[in-house]
Amino acid sequence: MSLPVDGLVAVYPAPKEAFQLHRLPLREPRRGEVLVRVRMCTICRSDIHSYLGHRPNPTPGVLGHEIIGSIVALGEGVERDMRGDRLAVGDRITWSEFFVPDEGFHAQVLDLPQKSVGLGKYGHLSVDQDPNHHGGFGQFCYVLPRSWILRVPAELSDAEATPVNCGVATAVCLVEQAAIRPGGAVVIQGLGLLGLYAAAIAKTRGAGRVIGIDGVAARRAMGERFGCDAVIDPAGLSDDGLIARVRAQCPPVGPDAVIEICGDPSVVPQGLAMLREGGVCVIGGLVSPGAWASIDLNQVLRKLITLRGVHNYHPRHLLEALDFVVAQRNRYPFGEMVDGRYRLDQVGEAIRDADERRVIRAAILP
Ligand SMILES: [Zn+2]
């Protein structure tokens with residue numbers, strides 16, 4: 001079987017500059033690599049941060065890390081996915097948004113492979129770096145050695161499966177870190193894709209009360225379909241008014257957990273004020289440096305609050321995310337979150353629509 005000789009990649013020369021389509025050669029996958037044809041890539045908020053230059057990514061760059069693809073060729077030594085299922089040419093797969101250089105201290109001792117020194121991420125590299133095709137905004141992508149791969153079951157649509165390897169896996173991690181117990185109350189600050197998934201996962205894990213906060217009416221409406229028992233529009237409410245409204249809905253002492261997933265640091269002090277004594281505050285959306293907020297740490301001390309950050313996810317969360325979507329797809333219309341579709345030559349437009357929150361998840365179909 002012969003390999004295609006080349007494929008298109010949407011490249012941005014520098015932050016905020018227009019995307020250009022480059023036709024770049026393909027090579028045989030090396031040992032440990034898999035060459036896939038990209039079926040769909042959805043735009044994550046971190047792609048937008050990279051494109052706008054909020055984070056120091058190398059350019060000219062290739063973006064896109066929330067991807068699924070079909071296997072074109074398997075490199076030597078890649079036979080099974082992380083579950084142990086055999087992989088074959090033509091299989092639809094998802095894979096971890098990152099790859100690690102080796103099984104170092106973070107992986108072996110700390111059980112934090114997602115923070116390994118020298119970790120690389122898809123859609124975060126210069127196009128000049130071998131093998132050139134390493135992001136989702138292109139027709140092909142190489143899955144690189146020491147990534148975690150999962151075969152996608154046939155019943156999942158591409159729209160259900162694509163957000164699994166970033167948005168859904170991160171949402172699984174957020175809810176795990178929030179330590180929600182049966183009957184517990186959780187507040188989710190921000191109802192973008194991650195917030196909606198976090199609501200559905202929290203509800204499925206047995207949360208008694210899930211409250212979503214978002215300023216966009218369409219997102220609040222989606223929240224009600226994805227597990228929120230109540231949604232609140234913060235517009236027009238003072239901080240004290242919003243805090244009082246939430247606490248009144250979580251009797252007798254306030255929510256057990258608050259999850260920040262809106263990317264606005266000013267909501268964190270609100271979250272700390274809402275929490276009950278002994279509650280947990282999880283930070284998931286503040287992915288760019290400079291996310292300053294002024295908090296009275298005496299409040300953290302007095303209320304015995306636990307503050308936790310989530311960045312990337314453990315490979316087990318990828319497996320849990322896929323299985324969650326498969327198990328709950330008849331209860332929640334996950335596919336509807338992918339509500340904008342664009343060609344590879346429309347990446348700039350897709351990023352603009354996603355940035356202005358005109359869509360929940362924009363998808364590139366290369
Ligand atoms: Zn992402």
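Biologist: Which residues of helix H8 are buried?

Modeller: This is a predicted model, where local features need pLDDT of at least 70, side-chain atom pairs count only at pLDDT 80 or more, and totals for chains, interfaces and linings use all residues. Residues are numbered from 1 along each chain as its sequence is written. The buried ones are Val 267, Val 268, Gln 270, Gly 271, Leu 272, Ala 273 and Met 274.

Biologist: Which elements do the buried residues of H8 pack against?

Modeller: H8 lies across S12, S15 and S16 and runs at about 170 degrees to S15 (angles run from 0 to 180 degrees between N-to-C directions, with axes fitted to C-alpha atoms, for helices over the stretch in contact). Counting contacts (C-beta atoms, placed from the backbone, within 7 Å), its buried residues pack against strands S12, S15 and S16 and helices H7 and H9.

Biologist: In what order do the six strands form the open sheet?

Modeller: Strands pair if DSSP finds at least two bridges between them, and here the pairing is parallel. S14 (230-232) and S17 (306-309) are the edge strands, each pairing on one side only. The twist averages 15 degrees from one strand to the next. The order is S14-S13-S12-S15-S16-S17.

Biologist: What is the bridge partner of Ile 283 in S17?

Modeller: S16 and S17 pair in the parallel sense over four bridges. The partner of Ile 283 is Gly 309.

Notes: A residue is buried if 20 or more other C-beta atoms lie within 10 Å of its own, exposed if 12 or fewer, and partly exposed in between; C-beta atoms are placed from the backbone. Helices (H or I, at least four residues) and strands (E, at least two) are DSSP runs, numbered from the N terminus. Two residues are in contact if their C-beta atoms, placed from the backbone, lie within 7 Å.
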